[in-house]
Amino acid sequence: MSNQRKRLTGEREDEDDEDAEGIGEWERAYVDDRSWEELQEDESGLLRPIDNSAIYHAQYRRRLRMLSAAAAGTRIQKGLIRYLYIVIDFSRAAAEMDFRPSRIAVMAKHVEAFIREFFDQNPLSQIGLVSIKNGVAHTLTDLGGSPETHIKALMGKLEALGDSSLQNALELVNEHLSQVPSYGHREVLILYSALCTCDPGDIMETIQKCKKSKLRCSVIGLSAEMFICKHLCQETGGLYSVAVDEVHLKDLLLEHAPPPPAIAEFAIANLIKMGFPQRAAEGSMAICSCHKEVKIGAGYMCPRCKARVCDLPTECTICGLTLVSSPHLARSYHHLFPIAPFDEVPAFSSLNDSRRTLGKSCFGCQQSLIGTGNKPGQCVTCRKCKHYFCLDCDIYIHESLHNCPGCESIHRPKSVSLMEE
Amino acid sequence: MIFKIEDVTVYFPYDNIYPEQYEYMVELKRTLDAKGHCLLEMPTGTGKTIALLSLITSYRLSRPDSPIKLVYCTRTVHEMEKTLAELKVLHDYQVLHLGTQAKILAIGLSSRKNLCVNTKVLAAENRDSVDAACRKRTASWVRALSTEKPNIELCDYFENYEKAAENALLPPGVYTLEDLRAFGKNRGWCPYFLARHMVQFANVIVYSYQYLLDPKVAGIISKELQKESVVVFDEAHNIDNVCIEALSVSVRRVTLEGANRNLNKINHEIDRFKANDAGRLLAEYNRLVEGLALRGDLSGGDQWLANPALPHDILKEAVPGNIRRAEHFVHVLRRLLQYLGVRLDTENVEKESPVSFVSSLNSQAGIEQKTLKFCYDRLQSLMLTLEITDTDEFLPIQTVCDFATLVGTYARGFSIIIEPYDERMPHIPDPILQLSCHDASLAIKPVFDRFQSVVITSGTLSPIDLYPRLLSFTPVVSRSFKMSMTRDCICPMVLTRGSDQLPVSTKFDMRSDPGVVRNYGKLLVEMVSIVPDGVVCFFVSYSYMDGIIATWNETGILKEIMQQKLVFIETQDVVETTLALDNYRRACDCGRGAVFFSVARGKVAEGIDFDRHYGRLVVMYGVPFQYTLSKILLARLEYLRDTFQIKEGDFLTFDALRQAAQCVGRVIRSKADYGMMIFADKRYSRHDKRSKLPGWILSHLRDAHLNLSTDMAIHIAREFLRKMAQPYDKTGTMGRKTLLTQEDLEKMAETAVQDMAY
């Protein structure tokens with residue numbers, strides 16, 4: 001077995017040499033997949049695939065605990081209207097190849113996914129894009145609610161050059177965000193691949209400025225932990241994390257999609273004027289206010305000025321009214337009433353309990369909870385309805401469904417009380 | 001938390017304890033029970049100091065009938081302050097739980113420079129001139145004179161302290177140097193003399209090594225310590241060198257010139273006294289006849305240094321007749337200086353034993369061994385008689401008398417080496433005459449003999465069996481503890497090959513090879529691009545560092561490094577280095593990133609921490625062997641081989657590896673920290689070298705990391721840094737308990753009892 005491993009690693013060394021001349025297509029498959037990295041040796045020297053599910057679940061549990069710890073007890077305020085700038089570091093370090101095919105491509109790919117997910121979860125929010133290149137920060141797109149424009153602007157500019165400057169980026173974002181309305185939550189998410197920052201001035205002052213203007217800064221590093229990033233996040237209340245691999249990077253990015261808890265002194269209740277436009281009738285013709293051209297059907301009409309817009313949510317270009325649809329509002333709702341995290345069931349105690357051993361199947365997917373080799377697999381239980389769920393369902397319920405099937409199937413007029421709130 | 005170790009109730013001021021701290025305490029307690037000495041190695045960052053302090057103070061509390069005193073020796077003032085701060089926390093905790101009966105008096109003692117509160121005295125720039133300025137105001141004759149002449153300036157603090165006399169006492173408590181100064185200022189008492197006075201009453205004394213090891217100082221400060229004391233040497237991996245330095249003297253040309261000037265001045269003074277106050281000189285003469293000077297009938301404030309020889313080697317006799325008269329003594333010193341001057345004129349390197357040196361001194365200058373022995377005491381007595389206060393000016397003659405006394409006293413374990421020039425710069429004549437001590441056990445022997453328990457502890461004492469031989473004592477306990485960690489937060493690597501697979505080393509025949517220099521450069525270039533914040537590099541010597549940096553500059557490697565990080569370099573100038581360090585820290589703080597080039601055995605390697613982001617990676621270029629052609633080292637090696645049967649190679653390797661361990665140990669200062677260590681030399685992969693590294697490094701050095709090339713090291717570093725950046729659980733999971741609570745300890749105690757029963 002060790003022979004085989006040696007050959008595999010040997011292949012990897014060879015591959016480095018051959019990189020220059022170009023490699024055969026069959027080899028490229030190995031280079032890109034790195035399938036051997038998904039194997040590990042067990043105690044007896046046998047190869048087996050790495051069992052990641054436990055690790056992933058542990059990560060997810062920690063995330064959940066973190067969220068619920070913040071929400072502990074009292075009803076929590078969440079910033080549903082967010083103004084988020086995504087800063088992407090396109091400095092020299094972004095051209096590195098430790099993420100395949102390169103950091104820059106991986107970043108762009110996942111930022112795209114993030115933008116879509118973000119608007120899905122926060123229909124009332126807006127995003128802007130900023131890039132750092134040659135030590136200077138550039139605005140790629142201004143704040144806006146349309147995912148397509150951002151993605152287009154992002155994909156158009158994929159090259160990595162020069163140094164990186166955290167201070168320049170923060171200053172630029174700070175300037176942009178100083179104009180947003182007071183009820184909005186200012187956030188910046190920085191994807192940082194460089195390991196140093198060349199700044200024109202004292203970055204500590206800039207950090208204090210961000211802190212003063214209630215700008216929540218979060219950083220996702222791509223290579224290693226940097227002190228200044230950690231300091232920035234600590235000061236401004238953001239999250240700092242470093243991606244281990246591509247999957248982890250994606251997870252870390254998506255962690256920023258749900259709205260963060262609102263900063264207490266800042267979260268003043270405010271009334272916001274909104275319009276709920278009606279969908280225009282099929283076949284009706286109108287000049288679209290966002291594209292400045294004639295379009296037929298499939299648009300929305302601003303209830304105040306009757307201008308036509310293509311997409312929701314957005315701000316009416318004519319009268320400046322925020323336009324949303326009611327499903328958007330409803331979708332933002334679950335952030336306010338999250339389901340409590342499920343309790344983990346210790347594996348050994350479940351065997352003794354006769355009542356539990358009988359109904360050993362997941363309430364969600366109805367699959368047996370007895371794991372392989374007749375050992376009880378890990379499972380979780382809802383605090384309210386006491387039903388059992390498998391780990392996959394646990395994740396599904398908390399991250400996508402936002403309703404506990406167990407609790408929902410108990411018949412009681414809960415929905416009424418919800419509506420009143 | 002409060003728990004029991006056997007019959008001692010230990011008060012520990014924190015809620016959790018590391019397992020290794022607990023073990024450390026158990027071993028320490030056994031040592032105290034056995035009233036013996038011990039050697040304990042425990043990595044830095046595991047709370048060695050607090051474990052020591054809390055066990056020893058608790059031990060004292062549990063044996064109220066025979067109170068022990070703790071003498072804690074540190075290397076630097078900074079460490080002293082840190083120790084006292086920890087002690088304060090502990091003391092508060094004990095008082096909280098036990099009430100006022102747990103109150104102790106703990107003081108830190110340092111030189112006048114650190115303790116003085118008189119602003120005029122403090123204005124002096126260095127330690128010796130502060131001492132002299134103090135003496136100018138506090139010497140007994142100056143004070144006596146001031147009653148007649150009111151314009152003589154005295155120190156108010158000292159006057160007040162003298163006035164308070166026996167009432168000048170410190171209330172119980174823990175006093176750092178700052179507290180002592182504040183207390184002194186408040187009461188108007190001199191903190192320095194107060195602290196010295198309180199040494200005999202204090203339960204805990206924290207001071208520097210010299211106060212115990214250097215006989216010149218120890219004779220004054222530490223002579224009243226009782227036998228029931230526990231002496232702790234912290235960070236004691238270099239203790240043998242401290243001992244040797246305490247008994248070594250070197251004389252240069254400037255020393256002789258200065259000594260001559262001093263003699264002129266003394267002569268002048270003698271003449272003046274003869275004219276004005278001949279009675280004083282006569283009185284001194286009579287006193288010497290009776291042998292009084294040796295018995296220390298002089299008042300405390302007037303003594304400044306005791307005999308440089310060890311207490312039991314000092315003759316209890318009257319001063320010989322030929323130097324009793326002041327002018328005769330001055331003549332003898334003149335002849336001695338002349339003789340030394342002639343010896344310094346030599347063209348060749350000379351090595352001599354003290355015996356032959358003394359006999360040739362006798363035949364050529366007519367100075368006997370016994371006369372030499374008394375030089376120091378005689379000088380001291382003379383200077384007191386002549387009422388000389390500016391002692392800093394008289395340093396050269398004191399050095400010469402030091403030399404004379406040591407040469408006269410010791411026949412074994414020393415040698416005299418005269419070098420006409422520095423080996424490394426043969427064109428510049430710089431003659432130096434060194435009396436070098438080879439036997440570290442000489443200076444420390446009185447300490448072992450006098451005190452009940454001596455604890456020698458440090459983060460790097462490997463190989464632990466060598467220290468008892470070097471210091472010639474038998475420890476009752478010698479142990480090395482490992483660090484329990486929640487994650488593998490250190491990553492040592494041995495890099496043997498460059499990216500082109502050619503071996504790298506600083507071996508003499510390879511070090512100037514351009515290929516090696518380039519490979520070393522490439523390693524750093526690659527590393528700075530993947531390691532965040534601070535990187536520290538250690539080189540084997542200043543000259544090697546200068547050479548390699550010059551080459552890197554020519555080949556453009558330095559420029560490549562500068563693209564990623566700023567570069568700072570340690571120099572031999574302390575101020576420059578401090579400035580460089582300061583800017584290095586700022587560069588790390590603001591995210592620019594920086595590299596610090598430093599030298600093993602330098603100031604930075606010994607005393608500066610590069611913890612957290614100030615040092616994520618340390619690269620040790622080469623094996624830091626001592627300069628093996630140095631005559632002093634050769635003489636010492638020969639002595640070690642003949643006397644202790646320690647092979648030259650063993651000692652050299654041991655010394656080099658403890659320096660290397662010391663350098664790389666700079667990066668990790670606590671368990672929450674993490675850092676990488678690269679040993680860049682092919683010689684590290686050999687077992688005889690590697691096995692001498694401390695256990696806590698070895699246990700993390702995986703076999704796969706023993707023979708790396710640059711690109712492999714880069715890959716490992718990348719993975720390591722990513723892994724370490726992930727959040728982690730501080731208490732430790734999966735069976736690796738790294739924080740013990742009260743219950744855990746109780747459980748451990750129970751199982752221990754059960755084991756005993758079986």
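How many bridges join S10(B) to strand S11 (residues 414–421) of chain B? In this predicted model, the number is 3, and the two strands run antiparallel. One pair can be named: Glu350(B) has Ile418(B) of S11(B) as its bridge partner.

These strands belong to an open sheet of 4 strands in chain B. The order is S9-S12-S11-S10, and the pairing is antiparallel. Strand S9 (249–252) and strand S10 (350–352) of chain B stand at the edges. Each has a single partner strand, so one side of each lacks a neighbour in the sheet. On average, neighbouring strands of this sheet are turned by 15° against each other, direction ignored. Helix H16 (residues 326–344) of chain B packs on the sheet. H16 touches S9, S10, S11 and strand S12 (429–437) of chain B. The direction of the helix makes about 115° with that of S12(B).

Chain A also holds an open sheet, formed by 3 strands in the order S17-S18-S19. Its pairing is antiparallel. Strand S17 (343–345) and strand S19 (388–389) of chain A are the edge strands. Each of them has a single partner strand, so one side of each is left without a neighbour in the sheet. Strand S18 (residues 379–381) of chain A pairs with S19(A) over 2 bridges, in the antiparallel sense. Within this part of the chain, Thr381(A) stands opposite Tyr388(A) of S19(A). Strands of a sheet pair through backbone hydrogen bonds, either parallel or antiparallel.

Helix packing was examined next in chain B. Helix H14 (residues 253–276) and helix H19 (residues 395–409) of chain B pack at an angle of about 110°. Their axes are 7 Å apart. H14(B) and H19(B) are therefore roughly perpendicular to each other. From H14(B), the contact involves Thr255(B), Leu256(B), Gly258(B), Ala259(B), Asn262(B) and Leu263(B). They meet Leu395(B), Pro396(B), Ile397(B), Thr399(B) and Val400(B) in H19(B). By class, the contact of H14(B) with H19(B) has 7 nonpolar and 4 polar residues, and no charged ones.

H27(B) contributes Leu633(B), Arg636(B), Leu637(B), Leu640(B) and Arg641(B) to the contact. H28(B) contributes Glu648(B), Phe651(B) and Leu652(B). The residues of the contact of H27(B) with H28(B) divide into 5 nonpolar and 3 charged, with no polar ones.

Some backbone features lie in loops. Most residues other than glycine have a negative phi, and most peptide bonds are trans. In chain A, the peptide bond from Arg100(A) to Pro101(A) is cis, with omega near -5°. Pro101(A) sits in the loop between strand S3 (82–89) and helix H4 (103–121) of chain A. In chain B, the bond from Ser462(B) to Pro463(B) is cis, with omega near -10°. The loop that holds Pro463(B) runs between strand S13 (453–458) and helix H21 (466–471) of chain B. Lys35(B), a residue other than glycine, has a positive phi, near 50°. Lys35(B) is found in the loop between helix H1 (19–34) and strand S3 (38–41) of chain B.

Confidence was then considered. The model scores ipTM 0.82 and pTM 0.82. Chain B averages a pLDDT of 86, and 94% of the residues score at least 70. Among the elements of chain B, strand S19 (residues 617–621) has the highest mean pLDDT, at 95. Helix H32 (residues 742–757) of chain B has the lowest, at 71. Over residues 293–302 of chain B, the pLDDT is below 50. That stretch has 20 contacts in the model beyond near neighbours in sequence.

Chain A averages a pLDDT of 76, with 72% of the residues scoring at least 70. The pLDDT is below 50 over residues 1–21 of chain A. Beyond near neighbours in sequence, this stretch has 12 contacts in the model. The pLDDT also stays under 50 over residues 414–421 of chain A. For these residues the model has 5 contacts beyond four places in sequence.

Note on methods. Residues numbered from 1 in each chain as written. Chains lettered and ligands numbered in written order. Predicted model: local features only at pLDDT ≥ 70, side-chain atom pairs only at ≥ 80, totals over all residues. Heavy atoms only, no water. Contact = heavy atoms within 4.5 Å. Nonpolar A, V, L, I, M, F, W, Y, C, P; charged D, E, K, R; others polar. Pairing = 2+ DSSP bridges. Axes fitted to C-alpha atoms, helices over the stretch in contact; angles between N-to-C directions. pLDDT = per-residue confidence, 0-100. Parallel < 35°, antiparallel > 145°, perpendicular 65-115°, else oblique.
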